[in-house]
Amino acid sequence: MAPLDTLQLALLNPWQRGFPLVRDPFHQIAQQAGMAVDAVLAGYAQLQASGALSRIGGVFAGHAGGAALLAAMAVPPERLCAVAAQVSAHPGVNHNYEREHRHNLWFVMTGHDDPAVRRAMAALEQQTGLPALQLRMERAYRIDLGFDLRSRTAPAPMAAAAARTAAPVAAVDRPLAALLEGGVPLEHHPFDAWAQALGRTPHEVLQTLQHWLDTGTLRRLGAIVRHHELGFDANAMTVFDVPDAEVDACGEALARAAGVTLAYRRARAAGWPYNLYCMVHGRDRAAVLAVIERVTARSGLAHVPREVLFSRQRFKQTGPRRFRALPGTTGEAHALSL
C-alpha cells in the first residue's frame with residue numbers, strides 16, 4: 001500500500017470536485033495519478049478505512065430536497081457526554097460537536113422534509129430535557145468544504161454558492177439521490193451498478209448527475225474528506241449580529257475571502273441574536289484566528305457583535321440523510337416518519 005500522505009495528494013486533493021462522470025471513472029483517475037486502476041480502488045478503500053475519506057459523493061444544494069437544521073444545546077458539563085451520546089444515536093443527526101460556548105453542543109439534524117426534522121428535534125428535546133436553539137439556514141453564500149489540503153488553512157477563495165434557487169430533485173430521481181448520498185461504490189463501473197439497481201441505463205444515470213451539476217442541484221461531486229483526520233483539527237465558527245439590510249453584502253464578501261470554508265445566513269432565535277455564520281478550518285488555532293481577524297475586517301464586520309466558537313471534540317460526523325431511508329427501514333414512507 002502507498003503511504004497515506006501520498007494517497008491523499010493523488011486521490012483526494014485533485015478530486016474533491018469534478019469526479020469523472022463516465023462509466024469507468026476510476027480508470028480516468030488512475031491515468032492522471034499514474035497508478036493502476038486496482039491500486040486506485042485499493043487506495044480509496046485505504047483512505048476510507050483510515051477515516052480521511054468519508055465517501056465519494058455529492059454536496060446537494062439546500063433546496064434540492066429534504067431538510068436540515070442546525071441546532072445547539074446548553075448542556076451542563078457533567079451531562080455533556082451522556083447528552084452527546086443521545087444526540088449522536090439519532091440516525092438523522094449527521095454532525096455533532098462540542099464547541100467553546102455556553103451553548104456547547106452543536107449538531108445538524110437532517111431528514112426527508114421540514115416537518116419530519118421538527119418532530120425529530122422535539123423528540124430530542126423531550127428525551128434530553130434540554131431546549132435547543134433551532135437555526136434554520138436562510139441563504140448560503142458558500143457551502144463547499146473542498147479546498148487545497150496542502151496549506152494551514154484554505155489558501156484561496158472557493159466557488160461561492162449561486163444566489164439562484166436550485167431545482168429540487170424530482171420524485172422519480174430521489175432513489176438516485178439516495179445512492180449518491182451513500183457514496184459511489186469503489187468498483188470499476190460504479191454507475192452501471194446503480195443503473196441496474198434503479199432499472200435505468202448507465203447513460204441515464206450519468207446524464208441525470210450531470211444535469212444536477214449544471215443546474216446547481218449538486219454543488220459538487222467528488223471526494224468528501226474528513227478534515228480532522230487530515231490535520232485540520234482547529235476549526236472555528238464565527239457568528240455575527242449584522243443588521244438585516246447589510247447581511248447579504250457582508251455574507252457575499254465573506255464568501256470571496258481566502259480562508260473561509262463556509263458562510264451562510266441563518267434565522268435568529270430567542271437569546272441568540274446572530275444571523276451570519278463563517279467557518280474557518282485550519283491546522284492550528286493561531287492560523288484560524290489570523291484568518292478570522294483578516295476576513296472580519298475586510299468584510300465590513302469589524303464593528304458588529306460577534307463570537308468565535310472553536311470546536312473542542314467531535315462526537316459524530318456522517319453523511320446526511322435527506323434522501324436515504326433510516327437504518328432498519330426499507331422505503332421512503334419510513335423516511336417520512338423521521
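Biologist: Which residues does Gly57 touch, not counting residues up to four places away in sequence?

Modeller: Gly57 touches Leu180, Arg220, Leu221, Gly222 and Ile224, where contact means heavy atoms within 4.5 Å. This is a predicted model, in which local features need pLDDT of at least 70 and side-chain atom pairs count only at pLDDT 80 or more, while totals for chains, interfaces and linings use all residues. Residues are numbered from 1 along each chain as its sequence is written, and side-chain values use heavy atoms, with hydrogens and water left out.

Biologist: Why is Gly57 called buried?

Modeller: Gly57 has a relative accessible area of 0%, and buried means under 20%, with exposed being over 50% and partly exposed in between, for a 1.4 Å probe and protein chains only; Gly57 is therefore buried.

Biologist: What makes Phe60 and Phe323 an aromatic pair that is tilted?

Modeller: A pair of aromatic rings is described by the distance of the centres and the angle of the planes. Rings of Phe, Tyr and Trp (its six-membered ring) pair if their centres lie within 6.5 Å, and planes under 30 degrees apart count as stacked, over 60 as edge-to-face and the rest as tilted. For Phe60 and Phe323 the values are 4.9 Å centre to centre and 50 degrees between the planes, which gives a tilted pair. Both Phe60 and Phe323 are buried.

Biologist: How do you know that the charged end of Arg285 sits over the ring of Phe310?

Modeller: The rule asks that NZ of Lys or CZ of Arg be within 6 Å of the ring centre and within 35 degrees of the ring normal; the charged end of Arg285 is 3.9 Å from the centre of the Phe310 ring and is listed as sitting over that ring.
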